[in-house]
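Dear colleague,

Please find below the structure that I am handing over to you, together with its sequence. My notes on what was found in it follow directly after.

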Amino acid sequence: MASISLHAVTKRFDDIGPPALSEVDLEIEDGEFIVLVGPSGCGKTTLLRIVAGLETATTGELLIGGSDISGVPAGDRNIAMVFQNYALFPHLTVAENIGFGLKIRGTSKAERRTTVERVASLLGLSPYLERRPGELSGGQRQRVAMGRAIVRQPAAFLMDEPLSNLDAKLRVEMRAEISRMQRRLNATTIYVTHDQTEAMTMGDRVVVLNKGVVQQIASPADLYRYPANAFVAQFIGAPTMNMLVGSIAGGRLVVGTAQLKVPERFESADGPVLVGARPEHVHIGDRGIGHLGGHVVLVEHLGKEVQVHLEIDVPLDIDDAHGDASEAFVATVDPSEAPVEGSDVDIVLDLDQVHLFDRDSGLTLTRP
Amino acid sequence: MSTDVHVSSLQRGGRLAGRGIGRLFVWSWVLFSLAMLVWLILAAFKRNNSVFRDLWALPDSNEIQNFRDAWDLLNLARTTLNSVLTVGGGTALTMAVAAPAAYALTRMYFRGASPLISFFALGIGVPVHAIIIPLFVGLSEVNLTNNLWGLTLTYMGVSIPFAVFLMTGFFRSLPSELEEAAVMEGAGPLRVFFVMLPLARPGMVASALIVAVGLWNEFLLALVLTYDVDKRTIGVGLLNTFGAMRYTSNWVGLFASVVIMLTPLIILYTWMSRRIIEGLTVGATK
């Protein structure tokens, strides 16, 4: 296994328009599980393909284990990749698929068979070695793709949305299985997904990308607690963080008609801001006690909690990743506190937990 | 509003009429071809003196002798062997050249690939009549006239443009992930090609069948490039039957010869028609 470093990697597919990737710097430690996450077209797959050698960076440097491999062909990088649609060779058996890389590298038939059998037993594929991919279920195919990746003990694994073709239940199972496998092999892994649950549950660190630019690199917990900007704040977390337009003037945080005390940690802030409050940090009370007035448009009972969709009289900032204004303000409350649909309520923001972002740059004003 | 409705109903009416005329044409064609085939088969089993008396009557006797005559007239054992050798060899060589060429043109993304594909497409439009004299002269320079190898190589040459053009569609429609997966596993260009080749099998089978059928029916090149009786292909052999018929008026023998020549094609088409249609349409739509 090996560390992977990207220095100022930029990728342009044409001379017009913005680059697909812009000045990406990333240091991945040996054995680390890194997740690249972001909306469609953010450049995460392009970044993965550059590491794989299937795309060439326009500028920048790529090092694996300390050596610059920018000019090294994909097949010589000693990296394995699991593709979104598994990319199994349909005319080869499971055993031949798993052993494909070994065969190309000239491993003897006997050694190949032993290695393939060991990997197959690790993945629970031993009974299917003579079957072809067409005769396997989605989960089994996924395992074959994993087997093909791990069999030749590469320096790193690259995974491009490997669970996106599986149904919800299988996805949860395979998610845990991939995490377990990665820990057992201590394999440096780059995992691309657009599913934030996968990103948050699997990665040691998560890289959030938007429009080809790295927004933040942090552990899942830090990403949630200390988002670096309004985009990350709204991209990570479900339901998404509520984002209100406000300002700080004269030591008061003004949101709509409410004038709130600026929490201590923001006392140096001033001017127009975005106020971010996660749904679990929004409380609903009777009229007259809260910061803002709201009208309950929808109450969703999820069992252990209730999601309350509200219309409020304060302008909201809705980013392009979560564009629907009707779902823009959500509170998550205990079922015993659920309001009645159609009622008018007061909204209390947990000021110790709110995030403030600069309204122009979107950068956080919160200090961890 | 009412004008819009009127215009759109007129357009719909026009479309329906166009489709109706198209269907009428296709069905007329099918019925005519089938009628000719049925008539030919019936005639091949009739006697020479009764064949034109009542055109659509069933044969009153089972004249297997017609086929025996045809066998001799066509020199069938020899001509069939020659046809199988030249058509089989020509098709195999065509595929051996066209498959890697089509793969490289569509999957290797090099500058000039697109003009090269157009160049192959242009090759389909070159009439054999226009090149037959230089071809004959060229082949005679290297002693390949009146030679089954010469004819086989010529068949390969004239078939490659069509086969390449047809197969570019198949290779283009294959998923690139498989290729990339092979590359990631360390496969070189040749190994990647052999990984992709089985996936292109439906297209290759269709291309090979179309090329083989075309070559089986080929007449002009075989006529010009071979002249000894034992070098004739089945198509040219049929001409001999026709020539003999002019003096003997053995029409039924001629019809039996045509039936013999058509039978492999009919069997092939009936057996493989779905594959041929799949092969022709794959890559055209996604």
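Chain A holds an open sheet of 4 strands in the order β2-β1-β4-β5, paired in antiparallel fashion. Strands (E, at least two residues) and helices (H or I, at least four) are DSSP runs numbered from the N terminus, and two strands pair if DSSP finds at least two bridges between them. The edges of the sheet are taken by β2 (21–28) and β5 (67–68) of chain A; each has a single partner strand, so one side of each lacks a neighbour in the sheet. Helix α1 (residues 44–52) of chain A packs on this sheet and touches β1, β2 and β4 (59–64) of chain A. The direction of α1 makes about 120 degrees with that of β1(A); axes are lines fitted to C-alpha atoms, for helices over the stretch in contact, and angles between N-to-C directions run from 0 to 180 degrees.

This is a predicted model, in which local features need pLDDT of at least 70 and side-chain atom pairs count only at pLDDT 80 or more, while totals for chains, interfaces and linings use all residues. Residues are numbered from 1 along each chain as its sequence is written, and chains are lettered from A and ligands numbered from 1 in the order in which they are written.

Within the sheet, strand β1 (residues 4–11) of chain A is joined to β2(A) by 5 bridges, and the two run antiparallel. A:Ile4 has A:Ile28 of β2(A) as its bridge partner, and A:Leu6 stands opposite A:Leu26 in β2(A). Between β1(A) and β4(A), which also run antiparallel, there are 5 bridges. There, A:His7 stands opposite A:Glu61 of β4(A).

Chain A is divided into domain 1 (4–230) and domain 2 (233–358), with bounds that come from an automatic or database domain assignment. Taken over C-alpha atoms, the centres of domain 1 and domain 2 of chain A are separated by 38 Å. Their contact takes 8 residues from domain 1 of chain A and 14 residues from domain 2 of chain A; two residues are in contact if their C-beta atoms, placed from the backbone, lie within 7 Å. On the side of domain 1 of chain A that touches domain 2 of chain A there are 6 nonpolar, 2 polar and no charged residues. In this classification Ala, Val, Leu, Ile, Met, Phe, Trp, Tyr, Cys and Pro count as nonpolar, Asp, Glu, Lys and Arg as charged, and the others, Gly among them, as polar.

A crossing is left-handed if the near helix is turned anticlockwise from the far one by less than a right angle, and right-handed if clockwise.

In chain A, the axes of helix α5 (residues 138–150) and helix α6 (residues 168–185) come within 11 Å and cross at roughly 15 degrees. α5(A) and α6(A) are therefore roughly parallel to each other, and their crossing is right-handed. The contact is made by A:Gly138, A:Gly139, A:Gln142, A:Met146 and A:Ile150 of α5(A) with A:Leu170, A:Met174, A:Met181 and A:Leu185 of α6(A). These residues divide into 6 nonpolar, 3 polar and no charged.

In chain B, helix α2 (residues 64–74) and helix α11 (residues 234–248) have axes that come within 8 Å and cross at roughly 110 degrees. This makes α2(B) and α11(B) roughly perpendicular to each other, again with a right-handed crossing. From α2(B), B:Ala70, B:Leu73 and B:Leu74 meet residues of α11(B) that include B:Ile234, B:Gly237 and B:Leu238.

Helix α7 (residues 176–184) and helix α8 (residues 189–196) of chain B pack at about 140 degrees, with their axes 10 Å apart. α7(B) is thus oblique to α8(B), and the crossing is right-handed.

The contact between the chains takes 13 residues from chain B and 17 residues from chain A. On the chain B side, α7 and α8 each supply at least two residues, and α7(B) gives the most, with 6 residues. By class, that side of chain B has 8 nonpolar, 1 polar and 4 charged residues.

With kind regards

Notes: Angles under 35 degrees count as roughly parallel, over 145 as roughly antiparallel, 65 to 115 as roughly perpendicular and the rest as oblique.
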